[in-house]
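Here is a short report on one protein chain. Please keep the sequence and the model in view while reading.

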Amino acid sequence: MCTSSISGMTEVETFREHVNNALQTLDQMRPRPQVFVSSIPNIYQLWSVLKDNEVARLVWSAAQICQSMLASTNTPEMRQQVLDREIAFNAVLEQTCAQYKSCRTDGGAVFGYAFNASDVSRLDYFHPSLQGQANLAEVTWKAAW
């Protein structure tokens, strides 16, 4: 979903196929591993939290980070398209994981985590900071086994 433009986003069925192939491969291993699948963090929230930060906007533009969502020229409708795709991807993760006995998800906990600016790295204003990583680890730990 994070591409140079909305038109470049992976189709939902292609994503489903790739997730299923990965989980099927893991399910065929012996001993069978226990698999934990985290939801994808809410990229719209990232934009919402940092959209008024001039440095973040400059970095997103200069480094061409997730322009499908973070481009300054995107309209609210375009951002909603990306969010809708992310919600569909998270649904695929839930649905596909549910088909495998040894797979468990976070139930959308990471997507639902309300992070703030300090949870985001100042290197790229996209990936989690050390504090953000710790917070996400706590969220996934609580949702895990």
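The model is predicted.

**Disulfides**

The structure holds two disulfides. Counted along the chain, the bonded cysteines pair as 1-2, 3-4.

| Disulfide | S–S distance |
|---|---|
| Cys2 and Cys66 | 2.0 Å |
| Cys97 and Cys103 | 2.0 Å |

The torsion about the S-S bond of Cys2 and Cys66 is about -75°, so this disulfide is left-handed. Cys2 sits in the segment before helix 1, and Cys66 in the loop between helix 3 (54–62) and helix 4 (67–70), so the bond ties together parts 64 residues apart in sequence. Cys2 is partly exposed at 35% relative accessibility, whereas Cys66 is buried at 6%.

For Cys97 and Cys103, the S-S torsion is about -115°, so that disulfide is left-handed. Cys97 is buried, with a relative accessible area of 1%. Cys103 is buried at 12%.

**Helix 2 and helix 5**

The axes of helix 2 (residues 43–50) and helix 5 (residues 76–97) come within 9 Å and cross at roughly 140°. The two helices are therefore oblique to each other. Helix 2 contributes Ile43, Tyr44 and Trp47 to the contact, and helix 5 contributes Arg79, Val82, Leu83 and Glu86. Five of these residues are nonpolar, none polar and two charged.

**Arg16**

Arg16 belongs to helix 1 (residues 12–27). Its relative accessible area is 26%, so Arg16 counts as partly exposed. Beyond its sequence neighbours up to four places away, Arg16 touches Val92, Gln95 and Thr96. The C-alpha atoms of Arg16 and Val92 are 5.9 Å apart, across 76 residues of chain. With Gln95, Arg16 makes a side-chain polar contact of 3.0 Å.

Methods
Residues numbered from 1 in each chain as written. Predicted model: local features only at pLDDT ≥ 70, side-chain atom pairs only at ≥ 80, totals over all residues. Heavy atoms only, no water. Helix = DSSP H or I, 4+ residues; strand = E, 2+ residues; numbered from the N terminus. Buried < 20%, exposed > 50% of the residue type's maximum accessible area, 1.4 Å probe, protein only. Contact = heavy atoms within 4.5 Å. Polar contact = N/O pair within 3.5 Å; in protein donor to acceptor, adjacent residues only side chain to side chain. Axes fitted to C-alpha atoms, helices over the stretch in contact; angles between N-to-C directions. Parallel < 35°, antiparallel > 145°, perpendicular 65-115°, else oblique. Nonpolar A, V, L, I, M, F, W, Y, C, P; charged D, E, K, R; others polar. Disulfide = S-S within 2.5 Å.
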